[in-house]
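Subject: A structure for you to explore

Hi there,

Here is the structure I promised to pass on to you. Have a look at it first, and then read on for what I found in it.

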Amino acid sequence: MLEKARGFLRREQPDPWPPPAISLALQGGGSFGAFAWGVLDRLLEERATRFDAISGASAGAVNAVVMTSGLIEGGREGARSRLHQFWKRVSQSAGFLPQAAPGFDLIMRAMSPYQLNPFNVNPLREALEAEVDFERLRAQTKVKLLIGATRVLDGHLRIFTGPDLTVDAILASACLPLLHHTVELNGEAYWDGGYAANPPLIPLVRASEADHLLIVQLTPAIWEKVPLTARDVARRVEQIQFNATLNSDLEALKYGKLIGATAKLKRLRIGRISAEDQYAGLADESAANLGWAFLQRLHDAGRLGADAWLGRAMPAHRVPTPSLF
């Protein structure tokens, strides 16, 4: 009887909060990635919480490798500094990016990147090479990194991890086909990872040993009214498309078709920090805006979102999902 009572008390004890370990799923979204920078900046201040695994697509992949590289070279403060340096560098390079020009979105839909950008100018490569030591990242990282890209010919997700983590793999994950030349790796063509998984969620659950998974969602999910202009229709179609894979993966985790959940999945708790909840009017903003003032506002909103998540009295809900493994 006493043993049963002890067992009951053990089961009823609340989980430690903030959690001692988390995995992160970082969505892509162009300049909206500065919101995730703010989230990471705040999470890095929680020294009792370690990062077990991180998945990312596009801007999420960029944030993941920049932060992890900073952790290797300078610990948590080094990671915070590296993220700040990276986003500052990207903002300063904005003048060299064609999407910064007025009306470029209309031109972009009429011409291919091979016409608009024949020399494949991509300041992101320069920024990544300046801020990330990829050789050291591959050799020394203790964080499991899962970088998603979309295979062009079959549309399937490719996960880059371990020895495959190169600057070209990150550029593949962030390759918008209307703007950049297709990235080829070992004879395979890749586009932005957000088309296949934004961000990779189920592969992250499989790889991580942490009981808490935190999703940082950048792409707005809600619009106040039906879009009518060509520009708004195109933007809304893109937003729905980039959120569709996330919604699908969440449904798979929640209502999976296989019977019976594993112990690992039973323990899993999923939290979400959404940029549109913290930044009013995000749906009306452009993910191509790399102005420093805009990036700083997104960063500050991200910190507030992380503060709210960390300050919750109760951890995020458990997901009663049948086994997918």
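A residue is called buried when its relative accessible area is under 20%, and exposed when that value is over 50%. Please keep in mind that this is a predicted model.

Let me begin with the whole chain. The protein chain has 13 helices and 8 strands. Of its 325 residues, 50% are buried. If you take the contacts between residues at least 6 apart in sequence, 79% of them join residues at least 24 apart.

**Strand E7**

How many of the residues of strand E7 are buried? In this strand, which covers residues 212-217, the count is 6 of 6, so E7 is largely enclosed by the rest of the structure. In a regular strand, side chains alternate between the two faces of the sheet. You can follow this in E7: His212, Leu214 and Val216 point one way, while Leu213, Ile215 and Gln217 point the other way. Residues on both sides are buried.

Now look at the partners of E7. Strand E1, residues 21-26, pairs with E7 in the parallel sense, over 5 bridges.

The crossing is right-handed. On the H2 side, the contact is made by Ala34, Phe35, Trp37, Gly38, Val39, Asp41, Arg42 and Leu43. On the H13 side, the residues include Trp292, Leu295, His299, Arg303 and Leu310. The residues of this contact divide into 12 nonpolar, 3 polar and 4 charged.

Is H2 mostly covered or mostly exposed? H2 is mostly covered, with 11 of its 11 residues buried. Among them are Trp37, Asp41 and Arg42, which also take part in the contact with H13.

Helix H3 (residues 59-92) packs against H13 as well, at an angle of about 150° and with the axes 10 Å apart. H3 and H13 are therefore roughly antiparallel to each other. Their crossing is right-handed. Here the contact is made by Arg80, His84, Trp87, Lys88 and Ser91 of H3, together with Trp292, Leu295 and Arg303 of H13. These residues divide into 3 nonpolar, 2 polar and 3 charged. Trp292, Leu295 and Arg303 are also part of the contact of H13 with H2, so do click on them when you get there.

Ala252 is found in helix H10, which spans residues 230-255. With a relative accessible area of 24%, Ala252 is partly exposed. Ala252 and Ile202 are 50 residues apart in sequence, and their C-alpha atoms are 8.5 Å apart in space.

Enjoy exploring, and send me any questions you have!

Best wishes

Methods:
Residues are numbered from 1 along each chain as its sequence is written. This is a predicted model: local features need pLDDT of at least 70, side-chain atom pairs count only at pLDDT 80 or more; totals for chains, interfaces and linings use all residues. Side-chain values use heavy atoms; hydrogens and water are left out. Buried means under 20% relative accessible area, exposed over 50%, partly exposed in between (1.4 Å probe, protein chains only). Helices (H or I, at least four residues) and strands (E, at least two) are DSSP runs, numbered from the N terminus. Two strands pair if DSSP finds at least two bridges between them. A crossing is left-handed if the near helix is turned anticlockwise from the far one by less than a right angle, and right-handed if clockwise. Contact means heavy atoms within 4.5 Å. Ala, Val, Leu, Ile, Met, Phe, Trp, Tyr, Cys and Pro count as nonpolar, Asp, Glu, Lys and Arg as charged, and the others, Gly among them, as polar. Axes are lines fitted to C-alpha atoms, for helices over the stretch in contact, and angles run from 0 to 180 degrees between N-to-C directions. Angles under 35 degrees count as roughly parallel, over 145 as roughly antiparallel, 65 to 115 as roughly perpendicular and the rest as oblique.
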